[in-house]
Amino acid sequence: MGFLRKASENFIGLIFPSRCIICERPTDSSRHSPLCVEHAREIIAVEPPVCSKCGRKMFGVSVERLLCEDCRSTRVYYDAGYSPYLYRRKEETDRPRPLSELIRLFKYGKGRHLRSFLGGLLLNYVREHADMSQYDAIVPVPLHWRRYFSRGFNQATDLARPLSRHFRISILKRSLRR
């Protein structure tokens, strides 16, 4: 069954090649990426030093106590956060960054088909940087009911599914209320 599916995907890819959602250049169909090779290279994992509380990249700071300015000056009500990839807003550059564009399309542009790619990025990062054995459940932050109604899905739940499957950890969708 897997062979037939792969063969049909390759055949369809020859007739209707996949295009980068940023620039319309052909994508590498073997990687199942919505981006061309050039734009895929622009998705950069956050490497240390990072804030020990929120997980954001820290630049030019003393590594004594790894807390960013925001976490030092604001009371934070969670144990830890992770920022897996560098995220730059469009206004910080002369053009949109691929990751911010993918997230924008996923959340607002009805790009739900991007969930497996974005969830895979998240899973790859978590496998390398987090010890998931200490967690009992994944709790996605709920959307307001109006936003859920307009989107038709909760993107946090969609992104949690690959983590849940891989690490065999339950997703608790109804544990929090907005």
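Tutor: Let us begin with Arg 72, which has a relative accessibility of 47% and therefore counts as partly exposed, since buried means under 20% relative accessible area, exposed over 50%, and partly exposed in between (1.4 Å probe, protein chains only). This is a predicted model, in which local features need pLDDT of at least 70 and side-chain atom pairs count only at pLDDT 80 or more, while totals for chains, interfaces and linings use all residues. Residues are numbered from 1 along each chain as its sequence is written, and side-chain values use heavy atoms, with hydrogens and water left out.

Student: Why does Glu 69 count as exposed?

Tutor: Its relative accessibility is 54%, and the cut-off for exposed is over 50%, so Glu 69 counts as exposed.

Student: What makes the contact of Arg 72 with Glu 69 a salt bridge?

Tutor: The closest N and O atoms are 3.1 Å apart, and a salt bridge requires a side-chain nitrogen of Lys or Arg within 4 Å of a carboxyl oxygen of Asp or Glu, so the contact qualifies. The two residues are three apart in helix H3, about one helical turn; helices (H or I, at least four residues) and strands (E, at least two) are DSSP runs, numbered from the N terminus.

Student: Why is the pair of Phe 106 and Phe 153 called tilted?

Tutor: A search of the whole structure finds two aromatic pairs. In the pair of Phe 106 and Phe 153 the centres are 5.6 Å apart, with 50° between the planes. Rings of Phe, Tyr and Trp (its six-membered ring) pair if their centres lie within 6.5 Å, and planes under 30 degrees apart count as stacked, over 60 as edge-to-face and the rest as tilted, so this pair is tilted.
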